[in-house]
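Subject: Structure handover

Hello,

Here is the structure for your files. My notes on it come after the model.

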Amino acid sequence: FEQLMAGILAADPETAALLTADRLGMSAAAAADAAAADSHSGGHGGHAVGPISGQVPWRAFLRSRAVRALMFTHFCNNWFHYTMLAWLPTYFTDTMSVDLMHAAQTALLPPLAGIAASAVAGPTADALIARGVAVPTVRKLAQCTAFLLPTACLVAASLPTDNSSSTVALITAALGISSFSLAGLYCTHQDLSPKYSSAMLGLTNTSGAIPGILGVAFTGMLYDKTGSWPVALFYPTICFLLAGAAVYTLLGSNTPEDYDVPELNAPFVFEERVRGALAQPQAALSHVQQKLRSLMPKLPSHGDGKKH
């Protein structure tokens with residue numbers, strides 16, 4: 001990767017600057033000038049292109065309302081995917097009276113629909129932005145499409161019916177349309193901070209991994225208690241999709257934010273309290289060790305022994 005970037009820097013400094021510079025830290029022109037100066041000096045000049053510090057401002061992320069809203073949106077998105085894909089074969093087996101092999105084959109339809117929808121989501125968002133629609137509007141429109149239309153499909157799928165084909169079609173459509181998150185949720189990290197977008201995605205994806213641990217087990221326990229697939233599988237997902245759409249629309253943001261402000265990376269109050277709580281047992285243990293050492297008799301050294 002470093003060799004590739006070095007080649008781009010030598011051939012086209014302006015493009016290299018746009019790929020590596022933080023747009024909050026310097027303008028494209030300033031970054032291009034720095035990159036050109038660096039290329040003329042053989043790549044060892046005093047102009048640094050890209051992040052100067054290797055530390056990721058995790059505290060600044062957590063202090064940002066936009067990032068917290070993004071974490072919750074990612075949680076809701078993954079609750080839908082993890083619980084549905086984990087339980088669909090069993091759901092189809094119970095409701096369609098088919099064996100597990102045919103149920104698993106049927107469960108392949110939603111991911112295929114998601115591939116088709118993702119091929120539409122990106123170009124559609126790009127076309128809207130090219131026509132002058134504001135980026136935040138495009139992102140929120142895409143995310144609401146990814147959450148609200150699947151909600152309507154799941155509500156319809158949860159209604160009693162003898163037509164299993166319509167239920168399969170509704171679930172397939174729900175999971176397929178949810179791929180519009182690729183033009184909403186998954187683009188927001190880059191909108192907020194090109195410099196730290198990869199680290200921010202790791203943070204939000206951590207919250208998105210929780211449904212894979214808790215959501216799948218919760219769905220199974222709820223089904224054991226109620227014996228109802230709509231109650232166990234559909235209704236919790238519907239609630240999370242509605243909540244996620246509301247939080248992303250009302251609290252989310254696509255305006256670039258500067259996470260390198262020192263005040264934003266100051267320790268939280270709870271960190272000091274945790275350090276203090278951990279220091280007390282350590283201090284007590286150290287005191288006990290000192291007491292034990294003072295009570296234990298000193299052992300004679302090897303040179304003090306006498307031969308008889």
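Below are the findings, beginning with the nonpolar cores and ending with the cysteines.

Please keep in mind that this is a predicted model.

Cores. The largest nonpolar core has 31 residues. Met-84, Leu-88, Tyr-91, Phe-92, Leu-154, Ile-171 and Phe-234 are the ones that touch the most other members. At least two residues of this core come from each of helix 5 (65-96), helix 7, helix 8 (135-157), helix 9 (164-177) and helix 12. The biggest contribution is that of helix 5, with 8 residues. For a view of the packing, take Ile-171: leaving aside neighbours within four places in sequence, Ile-171 is in contact with Met-84, Leu-88, Tyr-91, Phe-92, Ala-157 and Phe-234. Another core lies apart from the largest one and has 14 residues, including Val-67, Leu-70, Met-200 and Tyr-248. As general background, nonpolar side chains in soluble globular proteins tend to be buried together.

Thr-219. This residue sits in helix 11, which covers residues 197-226. Thr-219 has a relative accessible area of 1%, so it counts as buried, the cut-off being under 20%. Not counting residues up to four places away in sequence, Thr-219 touches Thr-83, Trp-87, Ala-232 and Leu-233.

Leu-251. The loop between helix 12 (229-250) and helix 13 (269-295) holds Leu-251. Its relative accessible area is 35%, which makes Leu-251 partly exposed. Leu-251 and Ala-66 are 185 residues apart in sequence, yet their C-alpha atoms are 6.4 Å apart in space. Ala-66 is also among the residues that Leu-251 touches, together with Arg-65, Ala-69 and Ala-246, when residues up to four places away in sequence are not counted.

Surface patch. Leu-108, Leu-109, Leu-112 and Ile-115 make a nonpolar surface patch of about 400 Å². Of these, Ile-115 belongs to helix 7 (residues 109-130). With a relative accessible area of 57%, Ile-115 is exposed, because the cut-off for that class is over 50%.

Cysteines. How many disulfides does the structure hold? The number is 0. A disulfide is a covalent bond between the sulfur atoms of two cysteines. Cys-187 is partly exposed, at 23% relative accessible area, whereas Cys-239 has 52% relative accessibility and therefore counts as exposed.

Regards

Note on methods
Residues are numbered from 1 along each chain as its sequence is written. This is a predicted model: local features need pLDDT of at least 70, side-chain atom pairs count only at pLDDT 80 or more; totals for chains, interfaces and linings use all residues. Side-chain values use heavy atoms; hydrogens and water are left out. Helices (H or I, at least four residues) and strands (E, at least two) are DSSP runs, numbered from the N terminus. Buried means under 20% relative accessible area, exposed over 50%, partly exposed in between (1.4 Å probe, protein chains only). Contact means heavy atoms within 4.5 Å. Patches are made of residues with over 30% relative accessible area and no salt bridge: like charges are joined within 9 Å, nonpolar side chains (Val, Leu, Ile, Met, Phe, Trp, Tyr) within 5 Å. Accessible areas come from the Shrake-Rupley method with a 1.4 Å probe; for residues, only the protein chains shown count as cover. A salt bridge is a side-chain nitrogen of Lys or Arg within 4 Å of a carboxyl oxygen of Asp or Glu. A disulfide is a pair of cysteine sulfur atoms within 2.5 Å. A nonpolar core is a set of buried Ala, Val, Leu, Ile, Met, Phe, Trp, Tyr and Cys residues joined through side-chain atoms within 4.5 Å.
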